[in-house]
Amino acid sequence: MRESSGLKAAGLRLFGLSLPLLLVVFLFSYLPLYGWIYAFYDYHAGMKLSDTEFVGFRHFAELIDNPVIAEEIGRVLRNTFAMSFLGIAASPLPALFAIFLLEVRSGTFRKLVQTLTTLPNFISWILVYAVAWSVFSVGDGFLNRLLIKLGWIGTEINFLASSDHVWLTMLGYSLWKGLGWGAIIFLAAIASIDHEQYEAATVDGAGRFQKMRHVTIPGILPTFFVLLLLSIANFINSGMEQYFIFQNPLNKDKIEVLDLYVYNQGMVGQSISYATVVSMLKSLVSVALLFVANAMSRAVRKESII
Amino acid sequence: MVESPRSIGSIAFHTINYSVFAIFTLVCIFPFYYIFINTISDNSLASSGQILLFPQGIHFNNYAEVFRVRGLGNAALVSTARTVIGTALTLVGTSFLGYAFSRPEYWRRKLWYRFVIVTMYFNAGIIPWFVTMKNLGMVNNFWAYVLPSVVAPFFVVLFKTYVEQIPASLEESAQIDGAGYGTRFFRIVFPLSAPILATIVVFTSVGQWNSFMDTLFLIRDSKLYTLQFLLYQYLNEVNAVAASLRSSPQGQLVDPSRLLTATSIRMTISIVVVLPILFVYPFLQRYFVKGLLLGAVKG
Amino acid sequence: MYKWIGKSQAATLLMAVAVTAILGGCSDGSRNGGGSANSSTGPEGSKPAETVTLQVFSLPSNTSGLQQGWFADVLRDQVGVNLELLPAGDQGEQKLQALMAGGELPDIVVFKTKRQVEDAVRAGMLINLDDHIDKLPNVVKNAPAALQYYRDAASNGSGKAYAIPNQVGPSEVGATINYGPLIRWDLYKKLGMPQIKELEDYLPVLKQMQELEPKNKDGQKVYAFSLWQDWDSMQMMLAAQPSNFMGVDTGDQMGGSLPFMQVDVASGDTMSILDRDSQYIRALRFYYEANRMGLVDPDSLTQRWDTAVEKMNQGRVLFSIWPWYNNNKKELVDADPPTGFEFVPFDSYKGTWFGDNPIGNPWAFAISASTKHLDAALKYIDFMYSTEGLQVLMNGPKGVVWEMNEMGEPYITEQGWDLIENGKELPGGGVLGSAVNAVNAQGLSGAVIHSETNAPLNYALWPTTINRNPSKLSQDWQNATGFKTQTEMLKAKNMYTLSTLAMKLVPTIPEEINAKAARIGDVVKTNSWLAVFAKNEADFDKFVDEMASKAEALGLREVLEWDAAAWKQAQEEAERYK
């Protein structure tokens, strides 16, 4: 009894210590949510809410009131699903990158690779496109000129405009840009695995790959799963900038993800209420996915992340 | 770490391993290299896409022009201050919260943990955010750069996951000795978390260094402009000047090349902004070496 | 044990905290009023005792910060103000909404659309200018119709003026109108200047020109057209251009205000641009045929505007829609033989010529209701509508860039040309264009005549400028056509269409219609490009038909109905503001 009340007091104390931080979270993340009320009004900037007309769920209905729109949204969700799914399927890659990088014996080479592979993360998508342009464009693109010189193709291929393999190509660019950077987290996770475990494994006669299987991978598994679950919750937010930059009429039907579609439709830029509705819906979907993923994790791994 | 003796398998593995990483690294570097040589090559050659492998007509005018932007020195200072202070605050705040949530006795742990995590997935929109910031006195104020990000939910999760892997015995012995949470955190947990802390530092500092939307909306005083923002504005200005020439009768009086919008300026700005990061990151890499810490401390 | 915050790191932290304190302290207190109180001391008409710093938020502008340089000195001396520009960036609209939601606007705001003005008026964020109209004598003198228009249409029904449109005045046309087309004159001459009857007749001529010069001097391929998508908002912008050669607008000027409506600018007749016989579809077909003939750069689908301009600069393009878009570099147009672009109309050409604009453009000046420097703001705005003020801002002080000659005409001096053409800075700092670019709005059109110089405000329109040493290429063109400038030719041959004021008077589009139009626009954009690059006639038809049917399904009819009613209203109002 005394044990638990002592524990409770300690728990409260800890809570108290963290209170300022929780306050910061509340102030900067929860307070702005009052803005969600705009979704239910015909709001224009600068007006007092009391002066605007209450429209209930009208804006929500307007989003899908048209059969053409419903079809479009289906297509767009398919693209979002495909891109997000590919992203999730590729999620072990940063971990593998980290694991194999730490197998490199030469410290200098390793550090070099570590630093240099993070470079793409800092290049804005606009510039990525400029570089892609110089390699893949029809008239002056390096690749086309090379292929023609080698005689492998007769006329140029319009790589950038093509609608084939768009999802894979976009995945490729994402990986190029994010792999080195994303591996950092796993480098940290591996660095924190107890040294003694490796020593014990060596004593037991474990080889390189066995150590990976029995020490390294189990060591980073918690981190990996946490990241995986967090990214599942992010399924619907596949980002926009990359797809906006690479989109063109020929690949549009495959590359247009939800965020880009909403942007292209133009309503979001013009009406605060529409923008709020979209944002609200996406938030609800994400939070729901988070709890679903968590429940699945609890069922499968007997562990929940939140 | 003890290496197995040089077998065929070992040599093969290392060959493949090194090659794969070498190739990937080259693929990562090449675009950066490409951008760089374009910024130091003759501008008209660069814009006609003729610079691919080697710079030609080398000059540094693009850099000279960017460095002539007014207020650059002050903006660099602001950016540095913001990065250092913001990162320090976030480091302490986020890790402490992660630690606190890892303690099972935390009052209503599940509730508050979810309270923090869920914020990653919603976003109220720029306008409510702005009004809130205004009401909190964060307009035109340096604190607006560092306070809102004190808690980074993503790293709270990671730190908590990490802490939960530290053997409880370490902390318990301190607890038995009567140490309070603060002491236990700062004296024991914090020092043991080098890798994850280094990760937080890397990600946070880059985020701070690169952000400019908050400057755009919140700051009126040009003394508080950050480097990224200043350069972003400069790029917009250059584009705008070219655009306005287009639509006026005067457009026909200037040399057509003045109508060029400045890809070379954009590239130069990119390089200028990235370089400081490249100098800092290597210093943090020593924390990412395998199997370093726990063993050392426990012994 | 090396993860505890070491001494050196602690020192860094401390220093950083100190810097914060200093910067934090700096950010309070010293804004809004720079170094002084307000300016209304001193007798009428004399320089105010102290300079006021006005905070300006100009949506069309991309400059920011406290303005310095030659024009800042002018403003300080003549108006007593310093301008501090708040950044708008490419998020200007959002930022405006954020500022309004926050309850107050900066001292001076330059809006980009009439709807923004209406929103601000409705929210009570602007000063009623009519209450202070005595302090705006130049505005009243030079822009009365514009004032009246905004009293009627942008006042939330109150009948008072809260903002003033800009660029009020006569049509700003000098040597050229807004549209070409221009083609490579030297190649055209080599072909013997074949007759071009209709728009489509350019294509075979361009094909022959391409055969004459299939590669530029760097060995890169030459095309007649190199297109881009950057400018598309609700349709393929480049397909909306050719109609202007016939005096018909298919979205270039009124795409935002009358979506998908084709308007004959003279007669006022309208039709949907998605109709099979519209000029828009005709333009799509024009480009489609050109592409089939190998005249269109295949990279058009994926390149940016920047790249297209670069290609023009490298001499890889043969056809230009606008007079300012060319490759007429000095060394080329004065070479022997000269090469470059010149105006070559087709026989039935009737290019749109923008008429006088007494009601101005929607980039409107307004004063915030929460300003503490009302008098200074009024003075500044009045300055921006005065001929004296604009003369200096657009041309620099007398004696620096321009002078008056013996015949009483203003002309740009040699030194002035050096400053302009080479982008050099004037004494005091800043290039010539920096004055106008700062706020990127000027009250009056550049064609307004200044009483002293008897010439328009904009130096590009001065006779001395227009008649300045023509290049070899221009001389060649002048000899061949018998005219000095494009406008001279158009006037003489009556090959132009004067636009009606109604184009500026279209009422603000309601949100629901705009939302529908935005959705339809997405379809129109995509299908237009697909049609242009279609592989055969059947595909072309397929894309065009699909575009029309999808648009119908998305509510095109409603949009067009609104368009028709709005246009009718605009035409009626045009009579009022003439």
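Reader: Which residues in helix 10 of chain A meet helix 15 of chain A?

Author: From helix 10 of chain A come A:F225, A:L229, A:I232 and A:A233, and they meet A:S286, A:L289, A:L290, A:A293, A:N294 and A:S297 in helix 15 of chain A. Contact here means that the C-beta atoms, placed from the backbone, lie within 7 Å. Helices (H or I, at least four residues) and strands (E, at least two) are DSSP runs, numbered from the N terminus. This is a predicted model, where local features need pLDDT of at least 70, side-chain atom pairs count only at pLDDT 80 or more, and totals for chains, interfaces and linings use all residues. Residues are numbered from 1 along each chain as its sequence is written, while chains are lettered from A and ligands numbered from 1 in the order in which they are written.

Reader: Nice. What about chain A as a whole, how many helices and strands?

Author: Chain A has 15 helices and zero strands. Its C-alpha atoms fill a box of roughly 80 × 70 × 35 Å along the principal axes. The radius of gyration of chain A is 25 Å, whereas a compact globule of 306 residues would have one near 19 Å. That radius is taken over C-alpha atoms, and the globule rule is 2.2 Å times the number of residues to the power 0.38.

Reader: How much of chain A is buried?

Author: Buried residues make up 39% of the 306 residues in chain A. A residue is buried if 20 or more other C-beta atoms lie within 10 Å of its own, exposed if 12 or fewer, and partly exposed in between.

Reader: Is A:A132 buried or exposed?

Author: A:A132 is buried, with 20 other C-beta atoms within 10 Å. You'll find A:A132 in helix 6 of chain A. A:A132 and A:Y173 are 41 residues apart in sequence and 9.7 Å apart in space, C-alpha to C-alpha.

Reader: Switching topic: how many residues does the contact take from chain A and chain B?

Author: The contact takes 78 residues from chain A and 78 residues from chain B. On the side of chain A, helix 1 gives the largest share, 16 residues. That side divides into 51 nonpolar, 20 polar and seven charged residues.

Reader: And how many residues of chain A are in contact with chain C?

Author: 24 residues of chain A are in contact with 29 residues of chain C. Helix 13 (258-265) and helix 14 (267-270) of chain A each supply at least two residues to that side of chain A. Ten of the residues on this side of chain A are nonpolar, twelve polar and two charged.

Reader: Now chain C. How compact is chain C?

Author: The radius of gyration of chain C is 27 Å, close to the 25 Å that the globule rule gives for 578 residues, so chain C is as compact as a globular protein of that length. There are 21 helices and 16 strands in chain C, and buried residues make up 53% of its 578 residues.

Reader: Which residues touch the most other members of the largest nonpolar core?

Author: C:A163 and C:A366 do, in a core of 323 residues. A nonpolar core is a set of buried Ala, Val, Leu, Ile, Met, Phe, Trp, Tyr and Cys residues joined through C-beta atoms within 7 Å. Among the residues that C:A163 touches are C:F111, C:Y150 and C:F365.

Reader: Last one: how many residues of helix 3 of chain C are buried?

Author: Nine of its ten residues are buried. The buried residues of helix 3 of chain C pack against several helices, including helix 15 of chain A and helix 4 (114-122) of chain C. Just after helix 3 of chain C, C:G103 takes a positive phi of about 105 degrees.

Methods: Two residues are in contact if their C-beta atoms, placed from the backbone, lie within 7 Å. Ala, Val, Leu, Ile, Met, Phe, Trp, Tyr, Cys and Pro count as nonpolar, Asp, Glu, Lys and Arg as charged, and the others, Gly among them, as polar. Lists of a residue's contacts leave out its neighbours within four places in sequence.
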